[in-house]
Amino acid sequence: MPNENENKCADKNLDRRRFLKSAAVGAAGLALSSCSSSSFQAFFQDHFREMDKDELLSTLKRMEEEYSKKYGKKFTVSAEAPIDETLFGYGLDISRCIGCRRCVYACVEENNQSRDPQIHWISVLRFKKGDKWMDLENSTKYYDPEKVPEDGYFYVPIACQQCENPPCTKVCPVQATWKEPDGIVVVDYNWCIGCRYCMAACPYGARHFNLTDPGLPAEEVNPKTHYLGNRPRPRGVVEKCTFCIQRTRKGLYPACSEICPMGARKFGNILDPESEIRYLIDKKRVFRLKEDLNTLPKFYYFI
């Protein structure tokens, strides 16, 4: 585990906003001068989309070494590229969801989310039967029955909607978040300055801020990661669902889809006319959340 000085040093180098403030008063050089070579390199690395092949490989190697040292496990940090002619889409059968929230905790484990304080990329909203399920503000995600499903209720899981027209990416002042060719909206955590404009712009409440150091026990960490996905995040950045980019770009299902005991969750390439997700979109009665906002989510609900 890193000592206290190393943590302070890493914080200084990863927090660009604080660095820029220091630069304004001439203290930035002094702040960085006492940091390790690794932290120095992390601060000055290029944006993910601007790295050449050598710089990217060097960055991935450096991260693997840092995470392996911190968590005591051999880490892999990939940068698997989008698959050609692929546009990922997600489907959820509301009539099958029983509100068990296995998807929530599978997502936490797979994507290295903080346990203390808890950060959940998926929320399962509970509605009374007869309520308008589009009225997200009047739902509740805090329920604790002895068993599910409960009589008189139905459930609507919600996460990042992976909008085709995402408002969150347009407001980022440092272009730390963007939409990939396969439709996944991603974040370069090394470039996020924690301003939270993206959180304010997201109409689905799908982005989450690391207000303090993420509590991620070493024995529970998932060492198979992607640069734009589930690698451990530092304090002070915004994070979100990435359709399990570390899995789906290798042909696997997202963790939440794989664990669902009711088969309510579907995933696939919506450009493929033979895919299950495309069949469901074409044949089922399909809804998308807040369609009037023209965000064009690639997360489809059907019944």
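Leaving aside its neighbours within four places in sequence, which residues is Ile-158 in contact with?

## Basis

This is a predicted model, where local features need pLDDT of at least 70, side-chain atom pairs count only at pLDDT 80 or more, and totals for chains, interfaces and linings use all residues. Residues are numbered from 1 along each chain as its sequence is written, and side-chain values use heavy atoms, without hydrogens or water.

## Ile-158 and the cores

Ile-158 is in contact (heavy atoms within 4.5 Å) with Trp-121, Ile-122, Ser-123, Leu-125, Leu-136, Tyr-204, Leu-289 and Tyr-301, neighbours within four places in sequence aside. The largest nonpolar core has 50 residues. Such a core is a set of buried Ala, Val, Leu, Ile, Met, Phe, Trp, Tyr and Cys residues joined through side-chain atoms within 4.5 Å. Buried means under 20% relative accessible area, with a 1.4 Å probe and protein chains only. Among the members that touch the most others are Ile-122, Ile-158, Tyr-204 and Tyr-301.

Elements giving two or more residues to this core include α5 (53-71), β3 (123-128) and β4 (153-158). Helices (H or I, at least four residues) and strands (E, at least two) are DSSP runs, numbered from the N terminus. The largest share, 5 residues, comes from α5. Another core, of 11 residues, lies apart; Cys-168 and Tyr-189 are among them.

## Glu-180

Glu-180 sits in the loop between β5 (177-179) and β6 (185-187). Glu-180 counts as buried because its relative accessibility is 10%.

Its side chain makes polar contacts (N or O pairs within 3.5 Å, one able to donate a hydrogen and the other to accept it; residues adjacent in sequence count only if both atoms are side-chain atoms). The partner side chains are Trp-178 at 2.7 Å and Arg-249 at 3.0 Å.
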